[in-house]
Amino acid sequence: MLMLLAFASAALAKPDWVTVKYTGCKLSTRKNTKVTDGNHRTLVLYFDIINNSKNGDIITAIYDRKISYKGVFTIHKMEWGTIYGAIQSQGWKPATWNVSHSGTYSNPIKGEWYPGQVYKYDITVSLNKLIKPFGGNWKKTNEAASRGFSFKPNTLSFDFGVRSHK
């Protein structure tokens, strides 16, 4: 019984003095994959985890990370063709997908982050877990993604626990 209480006191939920800031994203290429593979490209989201303690609390572990997001993923130059509008013209047509992802990551991140320090954290998800290939063709989708993309999160939730001491 005593050991259970000691563990419970060491494992605390994210306190108010720890803040999280979404700082952006990028597409990366996974090693040992081909452009025809659905997992060739990955969307990487970046976060800053900031220790804002005014009482000298030191974060020693970040654990049980839970993330969920919904948003719009756009490849800006998906296909060359006729763009219909007030004036017909030739140009790149974009492709847009509504995406959502949620995941739980239980392995603890250990270290020491003092007040004012920032831990840079990223989450990587394969494109094939977010979108369907344009026209059923991963090669075309992956190549187009390298020409330019954007990801606009509509909802974003990132929660975790921390272990800390003074």
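Student: What makes the contact between the side chains of Glu143 and Lys139 a salt bridge?
Tutor: The definition asks for a side-chain nitrogen of Lys or Arg within 4 Å of a carboxyl oxygen of Asp or Glu. In this predicted model, Glu143 and Lys139 meet at 3.9 Å, N to O. That is within 4 Å, so the pair counts.

Student: Where do Glu143 and Lys139 lie?
Tutor: Both are in helix α2 (residues 138-145), four residues apart, about one turn of the helix. Helices (H or I, at least four residues) and strands (E, at least two) are DSSP runs, numbered from the N terminus.

Student: Why is Glu143 called partly exposed?
Tutor: Buried means under 20% relative accessible area, exposed over 50%, and partly exposed in between (1.4 Å probe, protein chains only). Glu143 has 35%, so it is partly exposed. Lys139, with 39%, is partly exposed too.

Student: What should I know about the model and its numbering?
Tutor: Residues are numbered from 1 along each chain as its sequence is written, and side-chain values use heavy atoms, leaving out hydrogens and water. The model is predicted: local features need pLDDT of at least 70, side-chain atom pairs count only at pLDDT 80 or more, and totals for chains, interfaces and linings use all residues.

Student: How do you know that Asp48 and Lys120 form a salt bridge?
Tutor: Their N to O distance is 3.0 Å. The limit is 4 Å, so the pair qualifies. Asp48 is in strand β3 and Lys120 in strand β7, 72 residues apart.

Student: Is Asp48 buried or exposed?
Tutor: Its relative accessibility is 10%, so Asp48 is buried. Lys120 has 59%, so Lys120 is exposed.

Student: Why are β2 and β7 said to stand at the edges of their sheet?
Tutor: The sheet is open, in the order β2-β3-β7, with antiparallel pairing. Each edge strand has a single partner strand, so one side of each is left without a neighbour in the sheet.

Student: How do you know that β2 and β3 pair?
Tutor: Pairing needs at least two bridges found by DSSP. Eleven bridges join β2 to β3, so they pair. Among them, Val20 has Ile49 in β3 as its bridge partner.
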